[in-house]
Amino acid sequence: MINLDRLNSQQKEAVITTEGPVLVVAGAGSGKTLVLTYRIAYLISLGIPPSSILALTFTNKAASEMKERIRNLVGKKADYIYMGTFHSIFARILRQEAHLIGYSRDYSIYDTDDQENVIKGILKDFNISENHLSPRFIQNVISKAKNKLLFKDNGFEKFFGSYNKKLLEIFEEYNRRLKNSNAMDFDDLLIKPIELFSNNPDLLEEYRDRFHYILVDEYQDTNTAQYHLLKMLVNKNKNICCVGDDAQSIYKWRGAEVRNILDFHKDFPDTKIIRLEQNYRSTKSILAVADSVIKNNVYQIEKTLWTSNEEGDRVKVTVCFDEKDEANFVAKKIFELTNTKKINPRDIAILYRTNAQSRNFEETLIKSSIPYVIVGGVEFYKRKEVKDVLAYLKLLVNPKDDESFLRVVNFPSRGIGDVSIETLRSFALQKEKPLFLSIPDLLNSDKVSERIKRNFGAFHSLITKYQSLIDSNDFYVIINSLIDEIGILQTFKEEGTEEAMQRYENVVQLLNSIQEFQIANPDKTLIDYLSEISLIADIDNWEDRKNAIVLMTLHSAKGLEFDVVFIVGCEEGLLPLKRDGDVEDIEEERRLFYVGCTRAKKHLFISYARNRNRFGNSYPQIQSRFIEEIDKTLVDFEATPLAEIYLKKNSNYRSITTDEYSQVDPFENYEYSQVTRQIKPGSIVEHDVFGKGRVIYLDGYGDHQKVIVEFKNGVRKHLMVKYAKLKVIK
DNA sequence: CGCTGAAACCTTTTT
DNA sequence: GGTTTCAGCG
Ligand SMILES: Nc1ncnc2c1ncn2[C@@H]1O[C@H](COP(=O)(O)OP(=O)(O)OP(=O)(O)O)[C@@H](O)[C@H]1O
C-alpha cells in the first residue's frame, strides 16, 4: 500500500473512493493533478492490473510527467498504464482496428495545413472563389461539425446550412477525399472510434472489459466527441474519475464544452463530488489577486480557495511606454531576480496572449544575454522542408496519401508542374483511385506525351523501390539513403544562402530525431514515428532541463507552475483579445487571465504598454479591464521611467520628443558599429539593462565580437557586441 | 516549368 | 514590420 500522508483529507477521499463515478471540481493549485497521480498509484498498489487503467491527459507532456511520478511510487508497473492524450490513445486504437471502418493501419494523419490544402483543391474543383469562402473558415466549420458530432442527417444543416448551402457539399467531398487518401484529421481520431464502436458492439464490449478504471484530467476542456467516447467506454461499474476546474476552461473556441463538467452528475448518477479547497501553490497575495478578477465571471461554480502559504510579495502592475519598453522592464526584472534573489532562470515564465508577442521579448533577451526558450510559434515539424521530407515518408507507408504525394512529386523539382498533375488527375478521377496509384494507368496510355511519362515513371520507381525496403526495422538507414538519392541536402548546401543552410540543419535535425526514435523504441515502426510526431503539442517539446526562462502563450501554460510569472500585454484588445468583426468572449478571456495568474508560486508581475506596434504602426493602448478588476488594495502600481514621462505630459504618443526618449533610453538609435571600434579591455561601458560595467575580456571582431563585462554587483556577463548595444563611456 | 519581385495578408489561442 | 502568395517573364 502506498503512503498517502502527503495528502489532505479531501484529497485522500478522492484517491481512495475508487469505485463509482467521482468528480473532483476544484480551483487552481489545489492538487487535482496530484490526486490523479496518487489515485492511479493507489489502484495499482491494490493489485489492479495497470493495463486496465485508462488515463487521459491534456498534453503528452502531462502524461509523461504523471507516468514518471507514478513510476516513482509503484515502480515499473506504471509503464503498462494506458496513458496519453485522447488523440494519441485513440490513434493507437484506430491503427489496430482500422480495417473495420475501411481504413488500413498505415493511415496518415492530416494536420490543419493538410486539411486546408484539401479544401483548396475542392474549392477549385467546385469553382468556388476562396474570397467567398476561405479555406480557413471551412476548416473551422468542418472541425466544429465533427467535434460536435453534427453529420448530414444529424444537425449539420441546422447548424451551418443556413450559412451556405455549399458547405455541406464541401464537407462531404472533404470526407470522401480523406477516406480515399486513407487519411484522418485530428477530429477523425475522436469520431472514428465512435463510429467503430457503434458499428461493432462486440469490439466495444472488449474495450469496456479492458478499461476498468477511467481517469480524465482537465475535464473542463473536453469536447462533445470526447464526452461521447467516455460515455461509451465506461462499463457497468462506472469507475470514472474526472478532475477539472470550470474557471480554467479556455478551449471553447476549439469545441470544448463546460457542460461536460457542469452536468457530470447528471450523466453519471450517484456521482461523488469532491471539492478541494486548499491551494498549495501560490502566496496569499497572488491568490487574492486571481480571485478578485475571476469573481467577475457570472457563469461559474462557486468555489472556495484558501492557502496557508505566506502572504508573499505584493503583485506588481507596471505600465510601460511601448512594447520595447515592456521588454526592457521584464529583462531588467529578470536580471534582478536571478542575481539578487538567486532565482533560477528555469523558474521564470513570460506569458502572453498571442505567439506574435514573443519576438519582441526575444530580441531584448538576446541583447541582455538572458538564456530563454520559446514554446510554440512556428513549430519544427511545420517547417516546409521538414514537412516535405515527412511527406516522402508518409507516401512510402501510405501510397494513397494524395496530400503527401502532391507535396513531394515535384520536390526537388522534377519538371512535374500543374499541367502534368492535371493529366494525372484525370486518370485518377476516371477510376476513383488515389493519384500515386494512378501513375501506372498514365504510363500505359498512348495519349500522354513521352516527357510527362518519363517524369512520372522515374518518380514512381523511386518510391516503389523504397516502399519495399521501408517495412524493415532499420528504417533510419533506408530513409537516409532516400534523402541521399533525392539530393536535397546537397541542393541546400549548394544554394549556400543562410536560409538554405537553416533548411539543411532542419533536415539533419529531423533525421537525427528519426534515429533517436528508432534507438529508443527498437520495436516501433515508421508508422508509429509518424503518428507520434503528428500529435506532438508545442509544450511537449519543452525541455525544462535547460536552465532558461521560458516564453509561451497563456494557453500553453495551463497546468504548469513557476516561481515567477510575467503576464505581459494586458491591454484592451490584446488581453482580452478582440478581432475585428468578432464578438469577444470576455468570460473566457478572463479565465485565461486567471489561469495565467494562478501559475505563479511566489512573484507575479502584470504589465501593459501605452503604445503598441502593430503592422509597423504604433497605436495607443488602454489598460486591460482585468487590471481594473483587481482589488486595488492588493497590488502596487508603478511606471517605467519612459512611461513616467509620458504620464507626466498626460498627452499622446507623438508628443514625446526624441530628446526625452533618448534621455531615458540613450541606446535606441545607437550605431553599434561605432561601439565595435572603440571598445577595448578596461573600457567602462553602459548596458541598457545591466547598467554600467567594466570590460574584462574581448574576443573576436566584427559581428562575432564577444566581451565579458563585469557589472556593478560583480556579476559577469558574456555579451555579443553586435547585440548588446553597449555605450562606451570611457 | 521555374524564378523573381510586387502585392497582399497578417495575429488568436492548438490536439 | 515581416511573411506568404501570385502574376509575369525568361
Ligand atoms: N497535500 C499537498 N501537500 C503539499 N503540496 C501539495 C499538496 N497537494 C498539492 N500540492 C502541490 O501543489 C501544487 C499544485 O498541484 P497540482 O498541479 O496537482 O494542482 P492542480 O489542481 O492540478 O492545479 P491546476 O488546476 O492549476 O492545474 C503542486 O506543486 C503540488 O505538488
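This report looks at aromatic ring pairs, and at charges placed over rings, in a predicted model.

Let us begin with the rings themselves. A pair of aromatic rings is described by the distance of the centres and the angle of the planes. Searching the whole structure turns up 14 aromatic pairs. One of them joins Phe86 and Phe90 in a stacked arrangement, with 6.3 Å centre to centre and 20° between the planes. Both residues belong to helix 4, which covers residues 86–97. They are four residues apart there, about one turn of the helix.

How buried are these two side chains? Phe86 has 5% relative accessibility, so it counts as buried because the cut-off is under 20%. Phe90 is buried too, with a relative accessible area of 1%.

A tilted pair is found at Tyr251 and Trp253: the ring centres lie 5.5 Å apart and the planes meet at 40°. Tyr251 is buried, at 8% relative accessible area.

Rings can also be linked into a group. Tyr82, Phe197, Tyr207 and Phe211 form a cluster through ring pairs.

| Charged residue | Ring | Distance to ring centre |
|---|---|---|
| Lys558 (charged end) | Phe58 | 3.9 Å |
| Arg614 | Tyr619 | 5.9 Å |

In the model, then, the charged end of Lys558 sits over the ring of Phe58, while Arg614 lies over the face of Tyr619.

Definitions and conventions:
Residues numbered from 1 in each chain as written. Chains lettered and ligands numbered in written order. Predicted model: local features only at pLDDT ≥ 70, side-chain atom pairs only at ≥ 80, totals over all residues. Heavy atoms only, no water. Phe/Tyr/Trp six-rings, centres within 6.5 Å; stacked < 30°, edge-to-face > 60°. Helix = DSSP H or I, 4+ residues; strand = E, 2+ residues; numbered from the N terminus. Buried < 20%, exposed > 50% of the residue type's maximum accessible area, 1.4 Å probe, protein only. Lys NZ or Arg CZ within 6 Å of the ring centre and 35° of its normal.
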